[in-house]
Amino acid sequence: MLDTDTFTTPDGRTIGGTVMDLRNITLRFGGVEAIKDISFDIREGEIRAIIGPNGAGKSSMLNVISGFYVPQEGEVWYRGKPRPQMKPYEVAQQGIARTFQNIALFEGMSVLDNVMCGRLGHMNTNILSQAIWWGKAAKEETENRAVVERVIDFLEIQAIRKTPVGRLPYGLKKRVELARALAAQPSLLLLDEPMAGMNVEEKEDMSRFILDVNDEFGTTIALIEHDMGVVMDLSDRVVVMDYGRKIGDGTPDEVRNNQDVIDAYLGVAHD
Amino acid sequence: MLYREAGDFKTSYAKDNQTFPIKFDRTGYWVILIAAAVVVPFMVNDYWASSLLVPFLIYAIAALGLNILVGYCGQVSLGTGGFMAVGAYSSYKLMTAFPWMDMFSVTILSGVITAIVGAAFGLPSLRIKGFYLAVATLAAQFFLVWLFNKVSWFYNYSASGQISAPERSVFGILVTGPNTAAWAQYLFCLIFVVVLAWVARNLTRGTVGRKWMAIRDMDIAAEIIGVNPLRAKLSAFAVSSFFIGIAGGLFFTVYLGAVEVGEVFGIQKSFLVLFMVIIGGLGSIFGSFAGAAFLVLLPVVLKVVGVDMLGMPTDIVAHLNLVIVGGLIIFFLIVEPHGLAQLWRLTKEKLRLWPFPH
């Protein structure tokens, strides 16, 4: 039933079968339907963008995927199985990591500790072993520190390792948040407006990091972004939402020429 | 010797992660520890032990415990006095029911019992936050004190309603009861302080500590990156209560010897320990010690200066103490919410660069 074909993109990357399949998702807040009967899939190794005007339901969609919202109707299929209703932290333990639209770093902790937080799902020594910091606890800490240091190197934030996050400028905070999500070595990475509020140079850096993450680690990425240039350049496939409905789905070129999408962005009177 | 990290290269993650990254600090730590363990016991007399050192050590344990809960995990608690009472009464029941049990086991088991009670009273924290949680823990405070007054089984049906500690020795040295030597009291408490401070440091620098701080800084984000809030909050309540229970046990067995629960473990004790944590510094091990030292020392210094040197009446000095503590709380909350520990941290940062401005 699930699509398991693999194929190669024009730039030589391999896209695998379906990792996540969202089927007929409907999400209501009281009387408001934030998401209306939306279905789409995310394939292994691809960069999947979700775009749409403000209030279209993009972030709600991401919150459904990360388990923060529970849709009233529809199913979330993950790795070939319908996902039972679970808590956000259980979803995270299944290998789904995310960043937030408004930076959600732990302000009281250093950059290193923040990124180490991304490894929490991989660290499970019991509290007694940690209390005496002997054997497994100390070993686990150094092993995971090594993973974290690779991520820190990769995102070029070595110099601010020990800086409290509260002191960092906005662009770096966004990068630290990406580092925290990457440290989890997720199989699906959700990015909620990774480039919001950045200048051109920071956007270029961030785009490069996103492509590198996908390229080097083969991480599947789903991202929300408003900058059309970035979206069209980065993504393999794009879902377009408007007023909680899906109005387009396909490669950037297909979406660009879709009449509904053009209407939604240029503004046509809704009847 | 200059206060520098330059030249002190770290070649492994374990070294980079150590508690005192600067050599001067490491040396200082060992000097203080050895002085406290070897030199002080020979110099200590009854007055020093009973008015300064022993209460400082015991309050330091309580402040460490409360700091784990309030400073590291962000859950406000006003139940400290009640939990200390649980530790004290557990010690009493264990000492009288199992007279052969040694004092280390008694004290640690009292901590374990308090941890269980604390975790149970921590359950509301899953639903409520901030002030509302503080009110819920206030209920624990009053309920526990009421319970130990009301149910006479807890004080072995004694007519006075008091509990008093029987004599117990460790390695042939008396540590409880009225005939205990000052240095024995001091050393017994010191052992607990050193071990528990080390445990607190280990817990707060590792996975558990990061979970607590993640919950404190942004609970929703913590949950989405994979922290189970139920387990994180309850473990904070349990560990915190473990520390506070041990402090309560020592307060009764070693320090006071006899206790009437409403007087000793009332709401004012909860506030006193909370003030120590606020003045010392939320989320800092050093801060717990600084706060405890400050608030134990303050009345003694005021008494020496006010009563003995200036000849002021005792009650005026006692009231002055309250005024100063109150003023300081407001001062710290407004000017330096991270307390004495932050001042110390700033000093160290300046020292690292001294005498150059950058």
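How far apart do the end C-alpha atoms of residues 183-200 of chain B lie, and what percentage of the span is helix and what percentage strand? The end C-alpha atoms of this span lie 25 Å apart, and the span is 100% helix and 0% strand, where helices (H or I, at least four residues) and strands (E, at least two) are DSSP runs, numbered from the N terminus.

## Basis of the model

This is a predicted model, in which local features need pLDDT of at least 70 and side-chain atom pairs count only at pLDDT 80 or more, while totals for chains, interfaces and linings use all residues. Residues are numbered from 1 along each chain as its sequence is written, and chains are lettered from A and ligands numbered from 1 in the order in which they are written.

## Annotated spans of chain B

An unreviewed UniProt entry lists residues 27-44, 56-78, 98-123, 130-148, 183-200, 236-259, 271-296 and 316-335 of chain B under "transmembrane region". Positions from UniProt are given in the numbering used here, feature names are shortened, and annotations may be inferred rather than shown by experiment. For residues 271-296 of chain B, the end C-alpha atoms lie 14 Å apart, with 85% of the span in helix and 0% in strand.

## Helix α12 of chain B

Helix α12 of chain B comprises 14 residues (267-280), which at 1.5 Å a residue should span 20 Å, and its end C-alpha atoms are 20 Å apart, in agreement with that value; the expected span is 1.5 Å times one less than the number of residues. Just after α12(B), B:Gly281 takes a positive phi of about 135°.

Among the buried residues of α12(B) are B:Lys269, B:Ser270, B:Val273, B:Leu274 and B:Met276; a residue is buried if 20 or more other C-beta atoms lie within 10 Å of its own, exposed if 12 or fewer, and partly exposed in between, with C-beta atoms placed from the backbone. The cover over the buried residues of α12(B) includes α3 (46-72), α4 (80-97), α6 (130-150), α13 (285-309), α14 (314-335) and α15 (339-353) of chain B.

## Domains of chain A

The domain assignment of chain A gives domain 1 (1-95 + 188-271) and domain 2 (105-185), the bounds coming from an automatic or database domain assignment. The centres of the two domains of chain A, taken over C-alpha atoms, are separated by 27 Å. In chain A, 10 residues of domain 1 are in contact with eight residues of domain 2, contact meaning that the C-beta atoms of two residues, placed from the backbone, lie within 7 Å. On the side of domain 1 of chain A that touches domain 2 of chain A, α2 (88-93) and α7 (200-217) of chain A each supply at least two residues, and α7(A) gives the most, with four residues.

By class, this side of domain 1 of chain A has seven nonpolar, two polar and one charged residues. Here Ala, Val, Leu, Ile, Met, Phe, Trp, Tyr, Cys and Pro count as nonpolar, Asp, Glu, Lys and Arg as charged, and the others, Gly among them, as polar.

## Contact between the chains

The contact takes 34 residues from chain A and 25 residues from chain B. On the side of chain A that touches chain B, α2, β8 (96-98), α3 (111-117), α4 (127-132) and α5 (136-154) of chain A each supply at least two residues, and the largest share, six residues, comes from α5(A). By class, the side of chain A that touches chain B has 20 nonpolar, eight polar and six charged residues.

## The largest nonpolar core

A nonpolar core is a set of buried Ala, Val, Leu, Ile, Met, Phe, Trp, Tyr and Cys residues joined through C-beta atoms within 7 Å. Of the 171 residues in the largest nonpolar core, A:Val115, B:Ile58, B:Ile61, B:Ala62 and B:Phe243 touch the most other members. The most is given to this core by α3(B), with 16 residues, and the core draws at least three residues from each of domain 1 and domain 2 of chain A. Leaving aside neighbours within four places in sequence, B:Ala62 is in contact with B:Thr80, B:Met84, B:Phe243, B:Ile244, B:Ala247 and B:Val273.

## Individual residues

In strand β3 (residues 18-29) of chain A lies A:Asn24, which has a positive phi of about 50° although it is not a glycine, and which counts as exposed because it has 12 C-beta neighbours inside 10 Å. A:Leu22 also lies in strand β3 of chain A, but counts as buried with 22 C-beta neighbours inside 10 Å. Not counting residues up to four places away in sequence, A:Leu22 touches A:Ile38, A:Ser39, A:Phe40, A:Gly74 and A:Val76.

A:Glu193, in the loop between β9 (188-192) and α7 of chain A, has a phi near 50°, a positive value in a residue other than glycine, and counts as buried with 20 C-beta neighbours inside 10 Å.
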